[in-house]
Amino acid sequence: MTSPRSTLTSTPEWQKLTACRESLKNTPMRALFADDPARATRYFINGAGLSLDFSKNRLTDDVFEALMALARRCKLEERRAALLGGDKVNVTENRPALHTALRNPEAGSLAVDGVDVIAEVNTTLKRMDAFVQEVLSQSRRGYTGKAFTDVVSIGIGGSFLGPKLVTEALQPYRKASLRCHYVANIDGTEICETLAKVNPETTLFLVQSKSFGTRETLENSKVAREWFIERSGNTQAVASHFIAVTANKSAAQAFGIDPENVFPMWDWVGGRYSLWSAIGLPVALTIGMDNFRALLAGAHAMDTHFRDTPLEENLPVVMAMLGIWYNNFWDAETHAILPYDHYLRSLPDHLQQLDMESSGKQVSQQGESLDYQTGPVIWGGVGANGQHAYHQLIHQGTRLIPADFIIPLQTHNPVATHHADLFANCLAQSRAMMAGKTLEEAKAELAASGESEADIERLAPHKVIPGNQPNNILMMEKVTPASVGALIALYEHRTFVQGVIWDIDSFDQWGVELGKKLGQDILPRLLESSAEGKASDSATDNLISLFRASNRR
């Protein structure tokens with residue numbers, strides 16, 4: 001690693017933003033609203049079926065212009081073209097990152113190393129169409145002739161989080177004939193609990209692993225196969241009950257999967273961006289290929305918006321640059337994702353991997369140590385539950401925590417006034433984070449409730465809410481396949497834009513690879529007393545001894 005890199009922080013645009021931060025540090029957002037009656041409409045943009053209200057930010061026109069100038073200084077428009085054009089933007093692995101090609105099947109052609117990836121995408125989509133139709137029409141059945149009732153998808157990381165999110169998000173579009181289950185954790189409890197719910201005669205297993213060697217996925221798949229053979233007494237039926245999505249076709253065949261039941265993965269698609277590929281089979285089986293294609297179309301609409309819209313009106317760009325503003329100029333260390341829709345409850349989990357695996361980097365693309373912060377901690381949960389838990393920290397804690405509120409204007413389940421209540425909660429939390437409550441307001445509130453002067457002086461400081469917590473409200477008409485596709489693609493591009501500003505490789509994950517390697521080194525010592533080698537620290541050695549003693553090895 002070379003010496004710290006200071007090129008970015010010494011640019012005029014960075015210095016301008018530093019000055020803007022200094023001038024704004026004592027200005028409450030209340031004052032910005034009071035001084036600008038048109039603020040709510042000026043800081044409001046649309047694209048691909050989504051709308052963004054970003055008026056509740058520590059933002060002025062000068063700041064906004066400086067953020068866009070920084071984006072142009074970092075050659076965002078050129079880098080965006082390189083991403084969408086198939087250039088090798090994953091520099092450490094010398095690969096393109098063409099997840100956008102997966103949701104643009106109507107494109108003419110796009111070559112990677114002499115291969116037309118659009119043709120491969122279309123071929124795979126046609127195979128998915130045929131497979132899903134066979135399962136849903138019940139022409140493809142289990143080994144005893146019974147129709148499939150359950151799908152167990154076995155994968156981890158991007159092969160799990162994205163499909164699980166979308167399956168939950170699009171539950172109103174579920175085909176009644178199939179139930180979908182996900183297994184990711186190497187903790188044996190998850191696979192055991194899942195298998196206890198299904199019948200081998202009517203269960204289809206999807207093994208989702210690019211390498212067909214990811215340990216968690218492979219071990220869970222072996223357990224599922226052994227369970228299936230034990231209960232069916234039919235080893236040959238593995239070929240018809242197990243499907244693989246992998247780049248390692250030979251390993252899938254060795255596992256017992258029919259080559260016709262192996263769907264491809266490609267090096268030019270990273271795991272956390274693979275939802276749009278055959279990794280999305282559990283989604284397609286759950287909601288049907290027509291809705292899966294609508295999901296792709298929504299994502300493609302966001303790709304088009306990202307590609308064609310000026311930076312100042314571009315949803316991913318605006319959200320990304322606001323994130324840069326707080327992360328790098330206001331020292332915000334986290335970012336909260338707050339979906340106010342039960343169907344979107346797993347969105348924070350998916351975005352954790354997308355953002356933190358992409359932006360958890362400390363060197364530039366040239367391998368130079370950085371002298372500024374990169375990705376924040378992404379966290380959150382479904383509203384309004386969080387209001388009775390961690391929102392307290394946002395309102396009265398000492399940390400700056402920017403937040404994204406995400407909510408549909410309409411619900412799939414119009415029960416009594418529930419959706420109006422939910423929307424009111426969302427708006428109220430957003431306003432409370434922005435406006436807060438002053439000491440004078442707290443005293444007036446206590447006085448109106450009849451408190452004594454002494455109690456007013458004692459209690460008022462505890463009721464002060466500083467406010468000035470920046471937040472966005474991101475809306476769609478309704479949670480649909482298209483709007484969910486656009487929403488996920490929005491955050492993908494937001495993550496890419498921030499990577500451009502920080503000059504990092506958003507598409508590798510070498511820290512993840514280190515953990516895998518160390519696990520492979522430790523595992524034999526846990527299982528075999530004769531295994532050679534020592535861990536590199538005494539703590540690990542001691543814990544291995546405790547495990548072996550407890551498990552009598």
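1. A residue counts as buried here when its relative accessible area is under 20%. Keep that cut-off in mind as you look at this predicted model.

2. Let's start with strand β3, residues 50-53. L50 and L52 point one way from the strand, while S51 and D53 point the other way. By the cut-off above, all of these residues are buried.

3. Now find what sits beside β3. Strand β2 (residues 44-47) pairs with β3 in the antiparallel sense, over 4 bridges. G47 stands opposite L50 of β3. The two strands form a hairpin with 2 residues between them, and there A48 takes a positive phi near 55°.

4. β3 also pairs with strand β15, which covers residues 471-476. This pairing is antiparallel too and has 4 bridges. To locate it on your screen, look for L52, whose bridge partner in β15 is L474.

5. Which strands pair with β11? One is β13 (residues 377-380), which runs parallel to β11 and is joined to it by 4 bridges. Another is β14 (residues 403-408), again paired in the parallel sense over 4 bridges.

How values were computed: Residues numbered from 1 in each chain as written. Predicted model: local features only at pLDDT ≥ 70, side-chain atom pairs only at ≥ 80, totals over all residues. Heavy atoms only, no water. Pairing = 2+ DSSP bridges. Buried < 20%, exposed > 50% of the residue type's maximum accessible area, 1.4 Å probe, protein only.
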